[in-house]
Amino acid sequence: MTAPLVTLTGIAKRFGGVTALCGLSMELYPGEVHALLGENGAGKSTLVNILAGVHRPDAGTIALGGSEVTIPHPRAARALGISVVHQHPVLFPDLTVAENIIFTQPAPRRRTRLLDWPAVERNARTALDRLGAHLDPRTPVNQLSSADQQLLEIAKALLGETRLLILDEPTAALSAREVDRLMDIVRRLKADGVAVLFVGHRLNEVFELADRVTVSRDGTTVISGPANEFTPESAVRHMVGRAVENVFPKAEVELGEVKLEVRGLTRRDAYHDVSLQVRRGEILGLAGLVGAGRTEIARGLFGLDPADSGEILVDGRPVAIRSPRDAMARRIAYVPEDRHTEGVALDHSIRFNLPLAALDGMRRFGLLSARREAELAAGAIDRLRIRTSGPDQQVAALSGGNQQKVVLGKWLATDPEILILDDPTKGIDVGAKAEVHQLVSEQAAKGLAIILISNELEELLAVADRVVTFYRGRQGPEFARRPFDAEQVLGAMTGQVAHALA
Amino acid sequence: MHSPEVLPPPAPPAARRRRSPFAQRELSLAGVLLGLLVVFSVLVPRFAGLDTLRQVLADMAIVVIVAAGQALVLFTRNIDVSVGSTVGLTAYAAAAVIAAHPGLPLVVPIAVALLLGLVLGAINGALVATLKVPSIMVTLGTLYVFRGADSALAGSQQITAQNMPPSYTALASWSVAGIPGMFVYAAVIVVAAHLVVRHTLTGRALLATGSGPDSAERMGIKAGKLVFGAYAVTGLLCGIAGVLWGARYGTVDSSAANGYELVVLAAVVIGGVSITGGAGSIPGVVLGAAVLTVIGIGLALLDVSPFWLQAIQGLVIIVAITLDLVLRRRLAARGRAA
Amino acid sequence: MTDSTTPSRNLRLPAWLGPWELMLAALVVLAFVLASVTNPYFATADNFAITAIGALGLCLMVVPMAWLMVAGEIDLSVASIFGLSAAIFGLTLRAGLPAWFAIILGVLAGAVAGLVNGLLVVDIGLPSLIVTIGTLGLYRGCAYILLGNEGISDLPHALTSFAQDTVPGTLVPYGFLVFLVLAVVAAVLLHRGAIGRKVLAIGSSAEVARFSGLAVRRIKRGLFLFSGTVAGVAGIAYSGYISTVRATNGTGLELVVIGIVLIGGVSMYGGRGSFAGVLLALVLVTILTSWMTLDDAETAVQYMVTGLLMVGAVVIPALAARIRAARGRRTGGRS
Amino acid sequence: ASTGASAPKSIRDCNLTMIPKSTDNPYFAAVHTGMADAQRELGGDLSFVGPAAGDVTGQIQRIQSGRQRGSCVIGLSAVDSTAVAPALNAARDHGAKIMAWDGDVATGSRGIFVNMARTDAIGRAQFDILANAMHRTGQFGIVSSQATAEVTNKWIAAMHAELARPENKGMTLVKTSYGDDDAKKSYDAAVALIRAYPDLRGIMAPTPIALEAGVKAATDLGVADRIVVTGLGNPSADAQLLRNGQVPAYVLWSPRELGYLAYYAAAAYISGEITGRQGESFSAGHLGRRTVGADGEIVLGDPITFTKDNVDDYTRDFQTTD
Ligand SMILES: Nc1ncnc2c1ncn2[C@@H]1O[C@H](COP(=O)(O)OP(=O)(O)OP(=O)(O)O)[C@@H](O)[C@H]1O
Ligand SMILES: Nc1ncnc2c1ncn2[C@@H]1O[C@H](COP(=O)(O)OP(=O)(O)OP(=O)(O)O)[C@@H](O)[C@H]1O
Ligand SMILES: [Mg+2]
Ligand SMILES: [Mg+2]
């Protein structure tokens, strides 16, 4: 084995009172994919930010190609050949695709020193085409889907000379096809001798790609070694510090009568002629690629963007759902796709957030009872196993999984009978993921009718009782019998299989 | 587990192609402006003509100059509500210098105003950029501080055109081949600002900072410097506006340009600059100022009672921004359909 | 990772009494003491009564503005509504209609004006800053259309004495009682009421609020309506205070109102703010104004003090935080 | 409860609160000079305080602080004649004597009013300059100060009365607009007037800022030789307008003498020498003996028409103290 490209020794970083890293050490070799695993909050992104020049370590050294370096700012990192795909895309939503790439590399300019826009746009197009993302360089980024934004973020990182490519959860928003393309590119770069640091929570992807694995916990390295010395189970044990029995618990539940039925639901430019049924105690999975229209259907059911035509029946009676309040009156709850912008008020406390959807039910003479609020918070923290220093902690300071539990808690406080979950485990670690599945399972057992949307097929197939597929806004085949055939479902999701072979 | 064989052909890119929203904004504003011109030409026969054009160009110059600066600040997700006071203070300083020493070369009062403006802008910029405190608070505070300084400096003094040498008032009144000099200043500033904003990395970085402050930090964009720069430039432009204010309106006292910040803010926001940062363009700002100026001139020429003026002006502003919104939605819908 | 729980502090201050409010409270005390010591006329019951009654219009308008800004919106037209309501009230009186009817009509006009703002912002989707710059002109202009250059000064005695006099035997102005009731209700509802929670959530993220099933649009409309209504009441009360209705009543007051709300610690972008802070800011500004007036301070000085107060209110805590952070680094984070 | 409102005192033991419309104004600074002149002769403690720019609330606050410090006299040039009345009445009930100067307040809320000249005379004097310069034919417009400025509105009313006379039937008033005593607004109003009425022959500007703006607008638009601008001018700032011939003449009075007279009147009012009844008289220093007219009004004299020939004789009348 050659000399390491990057050697990190004793890296430490504190944010105020929080210790994100303490004495983390690892080595990255050229031509190797190195996976960094750890729970939410283990300090992975902090390490990435240190290598990217965003943060400076409080202690420890970074050696690049044998000599010690400091990386004072992001431009220094790029000059050293370090390219980063950040966990949350580092984009400027009001600027266009092309404008977003000009800060990454020296932008093409004319002799007048003004920007050469045709060249900028050409560059952007080339970079995106490499990923198979055919985006118009003039589109403002805020009009892109989150998947396309992620692709743009990756495209930016692949511009220019790269010696070390860092991918911090690049696949959270991507569909299978795009993940495959990314994997191909990573393999190509690896062959060219680039070192790749890969951070991810989807263990199957990690083990498909990684040559070496480092597991970190509480800011330090727990173990590091060749990938073939790990199994997903052993990696999880190191991450969590205990064995996680079952990531996808599945309770056997006696199904009740049909709780929610949808007939011929249609919304222009979004979905067409959708018909579904969910029973009490049942978890119905909606499978599809990103952009298949599942979120739109969920929003239609919740009254955020009501459908143009079609019928919604709750308990067999047709209901009109024109607003979230209508939906809530039917005891429908919706855990949205993007917990940061749709799920929780980040700059407020857990205690503030939990009663938000149930305020009308818990006020007396217009006032909130502090006691009931405290009870709600304490109950949710306890029942949902939210890890926090207390109900007054800001939600922004919680890990992703715990934030998601707050969203779930907010909706469970409304005492729902129908629960729609849109990608509830996006970006959260295995331990938390198992807990979320456990909670969903418990709710199903209590007789809730659950609709689960997920981009992680493995999860969907393991947790759902029944799976309906969607392809570009149209309903595809339905798979009603467990265990499901992954190839078949994937085929249906991608429009290749027209009928369920069930 | 994902096999590439079953993947569908890539989605046609045309489905997501959209026209840039900036172009839409300018197009719809130009439509509103055109509509106003037509309406006024029909209502007031004297409106249509070169004289009006000249007057519009000269009248909007000071607003445009200050608004260009304000836009830079708004791009970065900040605001400067002290511009009215800065214009007033610099206007007084320059006029006082030239009135006290009429023999001095013109560069002296101009330099005084520009330098003072720059310093005032830099004070705002330093407070906002280095201490990262809310800009509305800082500049609402300096609005009062600068106005107080103006009042302390000017006291009961009033400098009128008679105290200024003719060469000073000529700064505002010259014209060449029928093109007002006021327009020339504004045009030079606007073109320069547009080139910087639209066609340089610095300009795009300004918008980027406002669009995503966290992203800017991670990209290594020096947001602090940009914010400071935007305020300093705004101060400088207010200094220029101050000189022109005195030269054009001929009377400067401690209340000059009092409340002007709202006029400027209206022009900038009508021009499509988002007060939450990141979005807007200089041509949009020019159109916003033009819309406001045309409304003002058109209504003044229209034989309405002065008691009706303010109400109609307010109403027209509301109608204009509503129309602009409707037009933009139309254009966006058409862009999607095409 | 989870055992990093900090030991629970014994002293827990309520959420609405944060460092900002404590700083304002300290400033209020400081200003009060200095004013009392340096000016013999300041700490007199007479002065308190005069000051409280003179600031009534301002005080009233601060209340809804604080709510509106917590919700992430702004209303620059309040001072114009203040003028318009008074104008309609005055004209109705002059038409010979009874005073109670004129008051109702005036307040109703304020409510309608506020609602129009709300409809433009919520239902058409225009930004409130620019909408209310427009209606600032529109409503003030309407007052001019109605009154022209005339003034109406034959106001009913009941109104003028309500707006000018104190409760017999005390030095508490009648009008001030109204404000106290409004302020207490507004404070309690903002921090303990369901509606307050909703408004804070809307200001923090309108999207999250909508996804939580809150009636974001209705609440925002309601807040604009509230703002207009209170501005109407304030306008009529003020016309009673000066016994005169004129188209110019209250011109320029909007910036003072907004300034106080900002000094009170409400974020211009919404979602944050305590009512205690706003009230303290109101008291602080009123004390300073009274003190400076009694000291015959020139307007220049008054402007500078007001401005420096606003700048200082944000700059000093920021500087202090910097110094603390720097010292923290030097001592290696031990404190 | 009037506590000794009538108790005669000497001005030497008194504080006087004198409140101008605005302090940042050369005219009121000259009034202050006149009051200071009289103060040197009579003694007394003068607080000349006011808002920087005219606003009702600012005046009310100063009235109240005058009352709180126990001023013997509170005198003011009211921004709004009725709006200050409640505050003045309250001050009177606390024992202060109330007087107005320059801008009157509602009768009943003050004892005496020191007027610079008879209101209709001021309006007529301005109109005469314009009428003569226009040879009593053609269109003219007015650019005034605030629409709600009462004194100015009275002058304009006097102008309307003049206009109604048969010899002036060749003149037409096309429009009255308001520049709010703001340089920009006044300039814009003047420009609009000139552009909207191509046959305009004159601009009446009953306030100095509008006068300056009118001259500037006419010059900038190249119509100075066609359009006469006149009205109220302030020789301390606008003497050059007369010397250049840009304005044939304009009207004012001596603000310094007004201040002087007001202070003497205040002294007599305090001592009980006058009470506001018609026919009472008092000594007003170098202005000689003055008599109280109807409604407690004391008039300084006739308005002065300033021309290039006499303007230099009056420089001392406009001297300002800071
Ligand atoms: N800028 C910051 N200020 C304060 N605390 C921070 C900051 N960035 C990270 N932290 C804290 O540092 C710890 C490590 O966070 P980090 O983002 O590195 O975790 P992670 O391993 O990337 O988690 P995830 O899997 O959720 O992405 C967390 O407790 C986090 O709250
Ligand atoms: N063709 C398109 N053009 C523009 N925007 C699109 C297009 N397709 C989808 N989007 C946007 O992308 C987002 C995600 O799409 P959608 O909700 O329809 O699919 P989904 O199946 O829920 O996807 P996901 O797997 O991300 O949840 C939506 O906001 C939608 O408006
Ligand atoms: Mg991370
Ligand atoms: Mg989705």
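Helix α9 of chain D, residues 255-271, has 17 residues and spans 24 Å from its first C-alpha to its last, close to the 24 Å expected at 1.5 Å a residue. The model is predicted.

**Helix α9 of chain D**

- Of the 17 residues in α9(D), 16 are buried, so the helix is mostly covered by the under 20% cut-off for relative accessible area.
- The residue that follows α9(D) is D:G272, and the phi of D:G272 is positive, near 90°.

**Interface of chain C and chain B**

- The size of an interface is often given as the accessible area lost when the parts come together.
- Chain C brings 43 residues to the contact, and chain B brings 40 residues.
- Salt bridges between chain C and chain B number zero.
- One residue pair is in polar contact across the interface of chain C and chain B, with both residues at pLDDT 80 or more.
- On the side of chain C that touches chain B, the elements giving two or more residues are α5 (99-124), α6 (128-147), α12 (253-263) and α14 (299-330) of chain C.
- By class, this side of chain C consists of 31 nonpolar, 10 polar and two charged residues.

**Salt bridges within chain A**

- Side chains of opposite charge can pair when their charged atoms come close.
- A:K259 and A:E417 form a salt bridge through their side chains, at 2.5 Å from N to O.
- This pair links distant parts of the chain, 158 residues apart: A:K259 lies in strand β11 (residues 258-267) of chain A, and A:E417 lies in the loop between α15 (400-412) and β19 (418-422) of chain A.
- The relative accessible area of A:K259 is 1%, so this residue is buried.
- A:E417 has 26% relative accessibility and therefore counts as partly exposed.
- A second salt bridge joins A:E311 to A:R263, with the closest N and O atoms 3.4 Å apart.
- A:E311 counts as partly exposed because its relative accessibility is 33%.
- A:R263 counts as partly exposed as well, because its relative accessibility is 39%.

**Salt bridges within chain D**

- D:K216 and D:D220 form a salt bridge in which the closest N and O atoms are 3.0 Å apart.
- D:D220 and D:K216 are four residues apart in helix α7 (residues 208-220) of chain D, so about one helical turn separates them.
- D:K216 counts as buried because its relative accessibility is 7%, while D:D220 counts as partly exposed because its relative accessibility is 30%.
- A network of salt bridges links D:D120, D:R124, D:E162, D:R165 and D:E167.

Key
Residues are numbered from 1 along each chain as its sequence is written. Chains are lettered from A and ligands numbered from 1 in the order in which they are written. This is a predicted model: local features need pLDDT of at least 70, side-chain atom pairs count only at pLDDT 80 or more; totals for chains, interfaces and linings use all residues. Side-chain values use heavy atoms; hydrogens and water are left out. The expected span of a helix is 1.5 Å times one less than its number of residues. Buried means under 20% relative accessible area, exposed over 50%, partly exposed in between (1.4 Å probe, protein chains only). Contact means heavy atoms within 4.5 Å. A salt bridge is a side-chain nitrogen of Lys or Arg within 4 Å of a carboxyl oxygen of Asp or Glu. A polar contact is a pair of N or O atoms within 3.5 Å; within protein, one must be able to donate a hydrogen and the other to accept it, and residues adjacent in sequence count only if both atoms are side-chain atoms. Ala, Val, Leu, Ile, Met, Phe, Trp, Tyr, Cys and Pro count as nonpolar, Asp, Glu, Lys and Arg as charged, and the others, Gly among them, as polar.
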